[in-house]
Amino acid sequence: MFVFTLCLYFWCWLSSIHGLEFRYHNSMEMEQYLKDINRRFPDITLLHSIGQSVEGRELWVLILGQHPREHRTGIPEFKYVGNMHGNEIFFPPSVSKNYLSPAVGRVLLLQLIDYLTSSYLSDPLVTRLLNSSRVHILPSMNPDGFESSARECMNIKGRYNKNGVDLNRNFPDAFKSTTDREREKEVRAVMDWLKTENFVLSANLHGGAVVASYPYDNSNGGSELQGGLSISPDDDVFVHLAKTYSYRHSEMHNGNGCYDSQDFSHGITNGYQWYPLPGGMQDYNYVWAQCFELTLEISCCKYPPEAQLPGLWAANKPALLAYMQQVHLGVKGVVMDSYGKPVQNAVVEVLGRRNVCPFRTDRNGEYYRLLLPGNYTIKVMYPGHKTLTQTVQVPYGPDAFSALTHNFLLQNSDYSSPATQVPQFCTTPDLGIQESDSAPLLPSVFTTLTILLLQRLLTLS
């Protein structure tokens, strides 16, 4: 018995030295691994659950950084999300490609956690990344689907959650009303999560192709629809982000499709041009959470043999790290009132970029705006204060692991100057099915009812 215990201890010691094994870990194994990592690296990690799946499995998020337990001013928040689809094939309308969502993303994110924690303070890149940003990793958004999936390259079982719902069609949509859709537990958990952190940059990992897809995923035929693409106001930034990943990937930039799928120039694609997708997570992040998000398709096969996993990690590792570094693009800072106090919900608008929902300062008075190098005019608006307009010259921040810091000090408005007209709030759609998911694009029902009520009271008087 003593010999057996000694051998078991020796095996565990070797495992800790050689890192995480390349295989598909089930949910219990993944949970134990995350807890072990948090125990071994308490100074740079924090493990917490953002909610539960339909079957009650925890949605674990590991936070990594120099200060994992709290946000620090000037430190941007970054996230990766994996395993949104458990494992499946899906054929999008009018698209003749096999859309396979593998468990590979889950494997790669666990390997990324292993690499970041083991390399901190010994690898200069990893050290600077974790010292300059706060990284959140959700390895499995759909653990129920993963547990029910079949380990085959092409099989439909496991794509959906326990209720049979595709989570990447269940978010509120900016272009199409989805009031008849009840939000799934996993989707509600992510929506609530986005309210607790001011995420700047994100990516969710899928499969079925080898391509980086960027917003918009949908369109209602408005001005955003240009030449078959649904173009966002920050299209130049999204194209740069997608190319950053594809060109740091060993093969993605070649643009080769999978099986009978199309080829992708530079290994990137506009989501809508590929195929329209209502209720997607990346559009929701961008429109309502001020978070730039890409969808990374990283494998043709949904469940490649475990022997291929080391090669997939080697192909994606440089790209995963380079993409994280892009959280330092553009400009950041604090908006303060005339007394030097940070203000929440000030509108920070880059002229020439009319976002569906205006970017606003968070509860710390901070703003983060991903921009490519160049000169930009920024307009800041806050009730009771004069509109402040300034031009800034933005350098390339990722090389220095910091975006340009530019703070704004507002002045109280006076009677001689016109009052600042601040855009109305762009309220995140309700989690349930009672409220229109296209609220930011529609007139406020509350305002209309208030006017009618006032008119009625005046009539009675």
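## Briefing on a predicted model

Gly 365 touches Gly 333, Val 334, Val 335, Pro 342 and Val 343, leaving aside residues up to four places away in sequence; touching, or contact, means heavy atoms within 4.5 Å. This is a predicted model, in which local features need pLDDT of at least 70 and side-chain atom pairs count only at pLDDT 80 or more, while totals for chains, interfaces and linings use all residues. Residues are numbered from 1 along each chain as its sequence is written, and side-chain values use heavy atoms, with hydrogens and water left out. Here is a tour, topic by topic.

**Overall picture**

- The protein has eleven helices and 19 strands, where helices (H or I, at least four residues) and strands (E, at least two) are DSSP runs numbered from the N terminus.
- Of the 461 residues, 54% are buried; buried means under 20% relative accessible area, exposed over 50%, and partly exposed in between (1.4 Å probe, protein chains only).
- Among contacts between residues at least 6 apart in sequence, 76% join residues at least 24 apart.

**More on Gly 365**

- Gly 365 sits in the loop between strand E14 (347–350) and strand E15 (366–369).
- Its relative accessible area is 1%, so Gly 365 is buried.
- The C-alpha atoms of Gly 365 and Val 343 are separated by 4.7 Å, although the two are 22 residues apart along the chain.

**Nonpolar cores**

- In soluble globular proteins, nonpolar side chains tend to be buried together.
- The largest nonpolar core has 97 residues, and Tyr 80 and Met 141 have the most contacts inside it. A nonpolar core is a set of buried Ala, Val, Leu, Ile, Met, Phe, Trp, Tyr and Cys residues joined through side-chain atoms within 4.5 Å.
- Helix H3 (residues 104–119) gives the most to this core, with nine residues.
- Another core lies apart from the largest one and has 16 residues, among them Tyr 376, Ile 378, Val 394 and Leu 410.

**Helix H9**

- Nine of the nine residues of helix H9 (residues 281–289) are buried, so the helix is largely enclosed by the rest of the structure.
- The buried residues of H9 include Met 281, Asp 283, Tyr 286 and Trp 288.
- These buried residues pack against strand E3 (77–81), helix H6 (185–196), strand E7 (199–206), E8, helix H7 (235–248) and E12.
- Gln 290 follows H9 and has a positive phi, near 60°.

**The annotated site**

- UniProt, in an unreviewed entry, places the feature "active site" at Glu 297. UniProt positions are given in the numbering used here, feature names are shortened, and annotations may be inferred rather than shown by experiment.
- Glu 297 is found in strand E12.
- Glu 297 counts as buried because its relative accessibility is 1%.

**Cavities**

- The model has four cavities of 30 Å³ or more. On a 1 Å grid over the protein atoms alone, a cavity is a set of points where a 1.4 Å probe fits but cannot get out, and lining residues have an atom within 4 Å of a point.
- The largest cavity holds about 80 Å³ of space; grid points are joined across faces, edges and corners, and a volume is the space filled by probe spheres set on the points.
- Ten residues line the largest cavity, and the closest to its centre are Ser 213, Asp 217, Tyr 275, Leu 277 and Thr 295.
- Helix H8 (271–274) and strand E12 (292–298) are the elements that give two or more residues to this lining.
- The lining residues of the largest cavity divide into four nonpolar, four polar and two charged. Here Ala, Val, Leu, Ile, Met, Phe, Trp, Tyr, Cys and Pro count as nonpolar, Asp, Glu, Lys and Arg as charged, and the others, Gly among them, as polar.

**Backbone details**

- A cis peptide bond, with omega about 0°, joins Pro 215 and Tyr 216.
- Tyr 216 is in the loop between strand E8 (210–214) and strand E9 (225–226).
- Leu 121 is not a glycine, yet its phi is positive, about 75°. Leu 121 lies in the loop between H3 and H4 and counts as exposed, at 65% relative accessibility.
- Phe 401, also not a glycine, has a positive phi of about 55°. The loop between strand E17 (388–394) and strand E18 (404–405) holds Phe 401, which is buried with a relative accessible area of 10%.

**Thr 127**

- Thr 127 lies in helix H4 (residues 124–132) and counts as buried, at 13% relative accessibility.
- Thr 127 touches Ser 119, Tyr 120, Leu 121 and Ser 122, not counting residues up to four places away in sequence.

Definitions and conventions
1 Å grid on protein atoms, 1.4 Å probe; cavity = no way out; pocket = protein on both sides within 12 Å on 5 of 7 lines; lining within 4 Å.
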